[in-house]
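The following note sets out several points on the structure shown below. Each point may be read against the coordinates.

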Amino acid sequence: MEPDVALEQGRASYAASAWRAAHEALSRADREAPLEGPDLELLATAAYMLGRDDEWTAGLERAYQVYLAAGERLRAGRCAGWIGVNHMLRGEIGPATGWLGRVQRLLEGEGDCVERGWALLPAVFQHLAEGNWEAAAATAGEAAAYGQRFGEPDLFALAAHSQGHILATSGHVTEGVALLDEAMVALTTNELSPIVAGLVYCGVILACQEVYEVRRAQEWTAALSRWCDGQSDLVAFTGRCLVHRAEILQLAGDWNDALVEARRAGKRLAAGFNQAAAAEASYRQAELHRLRGELAEAERAYRDASRRGREPQPGLALLRLSQGRGDAAAATIHRVLGEAGGPFRRAGLLAAAVEILLAVDDVGAARDSCIELEELVQGYGSELLHGMARHARGAVELAAGDPAGALAPLRQALERWQALGAPYEEARSRELVGLACRALGDGDSARLELEAARGIFADLGAAVDLDRLARPDGEPTSGGRGGLSPRELEVLRLVATGRTNREIADQLVVSARTVDRHVSNIFAKLQVSSRAAATAYAYEHQLV
């Protein structure tokens, strides 16, 4: 085939986002006659979209040399900038510093130009690495201004979405989300180059998820899925897209599909350099296994997430709670809260802390966590955050012996879960509403709410929750735990070792009266009348 024919075919395939065909045709043309700089960039981009990161970098290095030999210093500088940023994201500081230093030298003696805006982007990453969020946001804003002034959509979208992400996650949500929306406009009008489009899609969705902007995350994840599906050969971005999809599907109650997507993401990301995304895929798998009662599988997936650099909390602490190891869960959540900084990271931890601390009868500490969560969500419009805070408040009031005071916040949480289409969260709030109604003597309403919660849990396959939730007739649920709470399971295990109530109280650092109450609840739920029968149940169902 003549080089010109292959070259034209490669360019046409590139324009059609047919990455494999573009790569093959441009490679043929390059073998016949070395490509010029612009076509080398097309070949490198096609390699990137096929998931061949090293080939992308090598292609940009060739383009850099070609531009430099032709005296096109600014075009060479752009290639050097992308190479440097790629090394920086991989953690390869030496090569990154060298390439970014070349960018600065190439700009020496040049006047005001858009390339100076591109050269600001590495400084954004540097400020973030140093923890200087204010400087990072300001530098990203300066780069966005260059993009806007010189009519460069790629630069503007990358810089604006970076500035929006930084502002939103540092607490300036309204201002930050507005910039994210503005960056996304360029995507909807097809103004961006392929790599930049994928980076902006993933960055905006990640920012929305981090600040609990669920509706935007759902909308943009659906758009990203369409974008990926429209490029049959695409490999780049698809792993991260699957992680986003898994999280959205989990919230919507499509747990089976969510687990499939999370597994696909894990396989696709395992061999790549983006281990942070691979860790998120493992964590998402762990969360789904935990909710489905597949505790051994959850344990393995949390460990894999940790191995890849992701703190596996609060999921691992909640797993310990499901295993009846309440004290371990409480110790972990206290430790993690002592380390966590940003408001949105703390929000998820505080919600888990309320659940864990109530399970181990530390109502005072649970109330403190609830109050902090309520204070944190003030000023933010996220329905998800407010639902979490309202559910936590209702749970605390119910545990403190005020079922009437629990009902209003629980029903407010229910409204938010229904508006968001979050069935699991709805079922958990319904369960507490049912328990509050039962405590107030309203048996009919209690049965209705508990039946509704049970039906949702059953549809989802929420084995742990079904195991906890006793049937209306008072018989224990199937699954071997008899509807026992994590603390009751802990007490039962100690009873089965022959310890007295006083000895159990001393070990758990609670009052003897509290242990008496737990033992009475255990007998009632298991429908036994003696410690010997409770011990036999524990051994029969492998609880010890």
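Helices, as the term is used here, are DSSP runs of H or I with at least four residues, numbered from the N terminus. The model under review is predicted.

1. The end of helix 28. Helix 28 is followed by Val509. The phi angle of Val509 is positive, near 55°.

2. The buried face of helix 28. Helix 28 spans residues 501–508, and its buried residues are Asn501, Ile504, Ala505 and Leu508. Viewed down the helix axis, these buried residues fall within an arc of 100°, so they line one face of helix 28. Their packing partners are four helices: helix 19 (326–339), helix 27 (486–496), helix 29 (512–526) and helix 30 (531–540).

3. The second largest pocket. This pocket holds about 390 Å³ of space. Its lining comprises 15 residues, and those nearest the pocket centre are Glu41, Thr45, Trp82, Asp154 and Ser193. Two or more lining residues come from each of helix 3 (37–49), helix 4 (53–69), helix 5 (73–89) and helix 12 (194–210). Sorted by class, the lining of the second largest pocket contains eight nonpolar, five charged and two polar residues.

4. Aromatic pairs. Which geometry does the pair formed by Tyr48 and Trp56 adopt? The structure contains 14 aromatic pairs. In the pair of Tyr48 and Trp56, the ring centres are 4.7 Å apart and the planes make an angle of 70°, an edge-to-face arrangement. Both Tyr48 and Trp56 are buried.

5. The aromatic cluster. Tyr48 and Trp56 also belong to one aromatic cluster, together with Trp82, Trp118, Tyr201, Trp227 and Phe237. Trp82, a member of this cluster, is also among the residues nearest the centre of the second largest pocket.

6. The setting of Gly171. Where does Gly171 lie in relation to helix 10 and helix 11? Gly171 is placed in the loop between helix 10 (153–169) and helix 11 (173–188). Why does Gly171 count as partly exposed? Its relative accessibility is 23%, and the partly exposed class covers values between the cut-offs of 20% for buried and 50% for exposed.

7. Contacts and separation of Gly171. With neighbours within four places in sequence left aside, Gly171 is in contact with Phe344 and Tyr380. The C-alpha atoms of Gly171 and Thr514 are separated by 41 Å, and the two residues are 343 residues apart along the chain.

Conventions: Residues are numbered from 1 along each chain as its sequence is written. This is a predicted model: local features need pLDDT of at least 70, side-chain atom pairs count only at pLDDT 80 or more; totals for chains, interfaces and linings use all residues. Side-chain values use heavy atoms; hydrogens and water are left out. Buried means under 20% relative accessible area, exposed over 50%, partly exposed in between (1.4 Å probe, protein chains only). The arc is that of the directions from the helix axis to the C-beta atoms. Contact means heavy atoms within 4.5 Å. On a 1 Å grid over the protein atoms alone, a cavity is a set of points where a 1.4 Å probe fits but cannot get out, and a pocket is an open set with protein on both sides within 12 Å along at least five of seven lines; lining residues have an atom within 4 Å of a point. Grid points are joined across faces, edges and corners, and a volume is the space filled by probe spheres set on the points. Ala, Val, Leu, Ile, Met, Phe, Trp, Tyr, Cys and Pro count as nonpolar, Asp, Glu, Lys and Arg as charged, and the others, Gly among them, as polar. Rings of Phe, Tyr and Trp (its six-membered ring) pair if their centres lie within 6.5 Å; planes under 30 degrees apart count as stacked, over 60 as edge-to-face and the rest as tilted.
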